[in-house]
Amino acid sequence: MERLLEIKNLNIEFHDHDIPERVVNNFNLELAKGEIVGIVGESGSGKSMTAMAIAGLLRRHDMEKKGEIIFEGKELLHASRSEVRQYQGDDIGMIFQEPMTSLNPVKRIGWQVEESLRIHRPDMSKEERYRRAIESLRDVELEEPEKVYRQYPHELSGGMRQRVMIAAAMICEPKLLIADEPTTALDVTIQLQIVKLLQRLNQEKQTSILFISHDLSLVKKLCHRIIVMHDGNIVESGSTKEVFYQPKEEYTKQLIQAIPKLEKLIL
Ligand SMILES: Nc1ncnc2c1ncn2[C@@H]1O[C@H](COP(=O)(O)OP(=O)(O)O)[C@@H](O)[C@H]1O
Ligand SMILES: [Mg+2]
């Protein structure tokens, strides 16, 4: 399989207190084209820091980053801001947990879905942008995309807003979609719908997905491979089957046992 992303010995350390705090420790990953990898672990285990590093969003002065993040042969962890910006929203799409905070409350949905096109396809006509936005909204299974295009975030349900975020992240047809807890604020049935949507987009467009969640049952449903993180370390990784049915580590076993019975039935 063709490799899309490789992370080698990623280390992230905060220096904003007297004692440096290592939040990601020797993280390694290889992600192939079309592959879905899940990163799972309880809150505070370093998942979001890892996701932000890949997305080029960790650019603070009080932190030290070591290692390599190689996307399609290009090292991004130490690349310049302008080099990283070329990827953000174009080859690398991102969605985060709370769509209400990621969406601008005073801008119409259509304007926000088109944002990456305005940045990365500056020559595209207004009409073509509109056409692509409607197509993207339809692609995430929003009914009446023309109506949604003209609406504001507060007029939509949480599930619809998350679909809008996915439409915005997918509009430039990224090769990699980073989804950091994209369903955490939603109820279980909506979570399942979003997971199915990501599954369909992966199959139809061959988009690789890095799916980050504290919820092992969701990760199991969607991902081909799973990385279990705890306290900044990878404690276990393998195919979804291996990790779920033959976990090696006590920590993984605990995560599996912690899945609520109801979720086991639904998911
Ligand atoms: N600004 C910061 N300064 C110091 N430590 C931080 C900061 N932001 C996050 N952290 C720490 O980094 C660790 C990993 O956080 P994070 O990646 O957000 O975890 P997760 O996404 O798995 O819940 C946590 O222990 C958190 O306390
Ligand atoms: Mg997080």
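In which sense do strand β4 and β5 pair, and over how many bridges? They run antiparallel, with 2 bridges between β4 (residues 63-71) and β5. Keep in mind that this is a predicted model.

**The open antiparallel sheet**
- The sheet is open and has 4 strands, which come in the order β2-β1-β4-β5 with antiparallel pairing.
- β2 (21-32) and β5 (74-75) sit at the edges with a single partner strand each, so one side of each has no neighbour in the sheet.
- As background, strands of a sheet pair through backbone hydrogen bonds, either parallel or antiparallel.

- β7 (residues 176-180) is mostly covered, with 5 of its 5 residues buried.
- In a regular strand, side chains alternate between the two faces of the sheet.
- Here, L176, I178 and D180 point one way while L177 and A179 point the other way, and all are buried.
- β6 (residues 92-95) runs parallel to β7 and is joined to it by 4 bridges; I95 has A179 of β7 as its bridge partner.
- β8 (residues 208-213) also runs parallel to β7, this time through 5 bridges, and L177 finds its bridge partner in I209 of β8.

**Helix α6**
- A133, S136 and L137 are buried in α6.
- Looking down the axis of α6, the buried residues fall within an arc of 100°, so they line one face of the helix.
- What covers the buried residues of α6 includes α4 (109-113), α7 (145-150) and α8 (158-170).
- Turned away from the buried side of α6 is a face with the exposed residues E127, E128, R131 and E135.
- Just after α6, E141 takes a positive phi of about 65°.

**Around ligand 1**
- The residues around ligand 1 are F14, D16, E21, V23, G41, S43, G44, S45, G46, K47, S48 and M49.
- By type, the shell around ligand 1 splits into 3 nonpolar, 6 polar and 3 charged residues.
- β2 and α1 (47-54) each supply at least two residues of that shell, and α1 gives the most, with 3 residues.

Terms used. Residues are numbered from 1 along each chain as its sequence is written. Chains are lettered from A and ligands numbered from 1 in the order in which they are written. This is a predicted model: local features need pLDDT of at least 70, side-chain atom pairs count only at pLDDT 80 or more; totals for chains, interfaces and linings use all residues. Two strands pair if DSSP finds at least two bridges between them. A residue is buried if 20 or more other C-beta atoms lie within 10 Å of its own, exposed if 12 or fewer, and partly exposed in between; C-beta atoms are placed from the backbone. The arc is that of the directions from the helix axis to the C-beta atoms. Two residues are in contact if their C-beta atoms, placed from the backbone, lie within 7 Å. A residue is near a molecule or strand if its C-beta atom, placed from the backbone, lies within 6 Å of it. Ala, Val, Leu, Ile, Met, Phe, Trp, Tyr, Cys and Pro count as nonpolar, Asp, Glu, Lys and Arg as charged, and the others, Gly among them, as polar.
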